[in-house]
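This report concerns surface-exposed nonpolar side chains and the pairing of aromatic rings. The sequence and the structure are shown first.

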Amino acid sequence: ALTATFTIGNKVYLTGGWGQTADAQRFLYEYDSETGKWSSKQSMPSAKCFHSAFSINGKGYVVGGDST
């Protein structure tokens, strides 16, 4: 948990979070609301938890948080 999400068009992106091994995660998942399917995307450059995410003009941003 402790993930952050943002949307671009009809897609929702789920970023980072706190893993089962009690550490920040680099995951990036995409949910396509038209197909109803999740897909794994290229991992973020650094692990994040307790972070925020947003989109502007079709680009997603993940900011702040903790990487440990």
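## Nonpolar surface patch

Phe-54, Ile-56, Tyr-61 and Val-63 form a nonpolar patch on the surface, and together they have about 330 Å² of accessible area. Patches consist of residues with over 30% relative accessible area and no salt bridge, with nonpolar side chains (Val, Leu, Ile, Met, Phe, Trp, Tyr) joined within 5 Å and like charges within 9 Å. Areas follow the Shrake-Rupley method with a 1.4 Å probe, and for residues only the protein chains shown count as cover. A salt bridge places a side-chain nitrogen of Lys or Arg within 4 Å of a carboxyl oxygen of Asp or Glu.

At least two residues of the nonpolar patch come from each of strand S5 (52-56) and strand S6 (59-63); Phe-54 lies in strand S5. Strands (E, at least two residues) are DSSP runs numbered from the N terminus.

## Basis of the model

The model is predicted: local features need pLDDT of at least 70, side-chain atom pairs count only at pLDDT 80 or more, and totals for chains, interfaces and linings use all residues. Residues are numbered from 1 along each chain as its sequence is written, and side-chain values use heavy atoms, leaving out hydrogens and water.

## Aromatic pairs

Five aromatic pairs occur in the structure. The ring centres of Tyr-31 and Trp-38 are 5.0 Å apart with planes at 50°, so this pair is tilted. Phe-54 and Tyr-61 form a stacked pair, 5.3 Å centre to centre with 20° between the planes. Rings of Phe, Tyr and Trp (its six-membered ring) pair if their centres lie within 6.5 Å; planes under 30 degrees apart are stacked, over 60 edge-to-face, and the rest tilted.

Tyr-31 is partly exposed at 24% relative accessibility, as are Phe-54 at 33% and Tyr-61 at 36%. Partly exposed lies between buried (under 20% relative accessible area) and exposed (over 50%), with a 1.4 Å probe and protein chains only.

Definitions and conventions: Helices (H or I, at least four residues) and strands (E, at least two) are DSSP runs, numbered from the N terminus.
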